[in-house]
Amino acid sequence: MGTMLTINDINVFYGAIHAIKGVSLEVNEGEIVTLIGANGAGKSTILRTISGLLKPKTGSIQFEGQEIAGMPAHEIVKTGISQVPEGRRIFAEMSVLENLELGAFTRKDKDGIKADMELVFERFPRLKERIGQLAGTLSGGEQQMLAMGRALMSRPRLLLLDEPSMGLAPLLIKEIFTIIQDINKTGTTVLLVEQNANMALSIAHRAYVLETGRITLSGDAKELAASDEVRKAYLGG
Amino acid sequence: MDFLHQFVQQLINGVSLGSIYALIALGYTMIYGIIKLINFAHGDIYMVGAYIGFFAITRAGLSIVPALLISMVVTGILGMIVERLAYKPLRHAPRISVLITAIGVSFFLEYASMYFVSPTPRTFPEVIPSVAFNVGPFIVNGQQMLIMGITLVLMLILTYIVQKTKLGKAMRAASFDVETAQLMGINADRVISFTFCIGSALAAAAGVLVGVYYNSIDPLMGIMPGLKAFVAAVLGGIGILPGAVAGGIILGVIEALVSGFISSTFRDAAAFAILILVLLFKPSGIFGKNTREKV
Ligand SMILES: Nc1ncnc2c1ncn2[C@@H]1O[C@H](COP(=O)(O)OP(=O)(O)OP(=O)(O)O)[C@@H](O)[C@H]1O
Ligand SMILES: [Mg+2]
């Protein structure tokens, strides 16, 4: 089980705001790693930096041995990293099918795309029923499924998920987390950002805790879930 | 009966004039959709298109359709060059800087054209025989047929590109949400460049068709139609392609009716009165929606 993603001492700024301060983290092949932290801690900023939407001022990001910090976002997808962004960001004025097709934008293997679309429909049967529907008319849960299906269409080796539980009912959250575990078991490494620390720690192998741009704790997910610091700050007691 | 007759005749004139506005408005709205820029140089791109068509006919001796195609290709490339040199360096600049740059590009194209082709208006050669068709009691002349026919064909092609091709889907995705489009692996710079190319090519077609229709072109000919097409794009809902077409046709029809029944002096006033009314009562335009995705 080799290291897949290595982030080494990155600093990310929004203008003068120093959002990420010397963060290092690793994701090994086959893992689910979760990054938890309060509002504004910088979780999304880290994912957006990995995806290339933001450039770190200093530090390095290596994916499967290749330096990707500073590469344009549309090139990073091709290396095998895909993101489900915060708030889903589906293309509301396009159909479910078109959203999924866009997920496969970098691919040319027509048969492979078709097969992967079938897999997405197996995983999310509700999307198949709504294939021609405009994505903006889907329910919140269906939109989350679409965003995940769309990200899977690039056949990523590393899937970045930014708060997939946001705004969903508890039952649906459970369903989504089961699907994340399932995606992981079928060979996709997952880096999961969550505010719902309870759920995230229950499915993750390892975890990092982020506070105002710095990693303050890291380790085995079960151990962190049991630790006093994490329980007080993130698990409500 | 006489009133009705004149009304329908003005409708025909209005639709052909409106087709021209629609072609220009499409470029406005596509470019606005993708980089949120009101490209004030768009009317001048249309003027350059008219001149390229003019020289293709007079110097190279081409007939109208090849001249139109050449003008579209060359002007499309010009649009890409303008974007690359003037707007791309300002991708992360405040919007007002880009807007001011667009005004600069507009002046540059107008006065560079004056320098190279002289400010004197040119008489556009007669490229199609002046015939008139009688459709029942109404008259449609050859130029109008040409304008409406070519506009229709170009719109069908554009619809196909935007709806069915991969690049068209990338365009729609990037117009909706450029960051997420990049997460899909879409190269936003390429899509923007392509959008300028298509928008400029459509404007060039409008320029050549206007040359055919009014027989006269000059380096400042783009100012008024540019503004009118902007009104059309706002009327239809800026950023919405069918809106640009509808806005263009509606504007053309209103202008024709105003010139036919009131006086052609009020034509331009009517167009800008529409702009004011739309901005007052429905700023999102006829096709504009206020709702977006659920969160
Ligand atoms: N576009 C931006 N411009 C300026 N500051 C920003 C921008 N985006 C985020 N920030 C700031 O960077 C910090 C980290 O934000 P980020 O969105 O990464 O937090 P987060 O951990 O994802 O929070 P949440 O759980 O609310 O999604 C915050 O202080 C935020 O205000
Ligand atoms: Mg966030």
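Is Ser44(A) buried or exposed? I get 18% relative accessibility, so Ser44(A) counts as buried (buried is under 20% relative accessible area, exposed over 50%, partly exposed in between; 1.4 Å probe, protein chains only).

Ground rules: this is a predicted model, where local features need pLDDT of at least 70, side-chain atom pairs count only at pLDDT 80 or more, and totals for chains, interfaces and linings use all residues. Residues are numbered from 1 along each chain as written, chains are lettered from A and ligands numbered from 1 in written order, and side-chain values use heavy atoms, with hydrogens and water left out.

Metal site. I looked up the magnesium ion (ligand 2): Ser44(A) (OG) and Glu86(A) (OE) coordinate it at 1.9 Å. Donors here are N, O and S atoms within 2.8 Å of the metal (3.2 Å for Na, K and Ca), and water isn't among the atoms, so sites may look incomplete. Ser44(A) sits in helix H1 (residues 43-50) and Glu86(A) in the loop between strand E6 (81-84) and helix H3 (96-103), 42 residues apart. Helices (H or I, at least four residues) and strands (E, at least two) are DSSP runs, numbered from the N terminus. Glu86(A) is partly exposed, at 33%.

Ligand 1. I find 14 residues around it, with Lys43(A) and Thr45(A) among the closest (near is a heavy atom within 4 Å). H1(A) gives the most to this shell, three residues. For polar contacts (N or O pairs within 3.5 Å), I noted an oxygen of ligand 1 at 2.4 Å from a side-chain N or O of Thr45(A), and another such pair at 2.9 Å with Gln195(A).

Definitions and conventions
A polar contact is a pair of N or O atoms within 3.5 Å; within protein, one must be able to donate a hydrogen and the other to accept it, and residues adjacent in sequence count only if both atoms are side-chain atoms.
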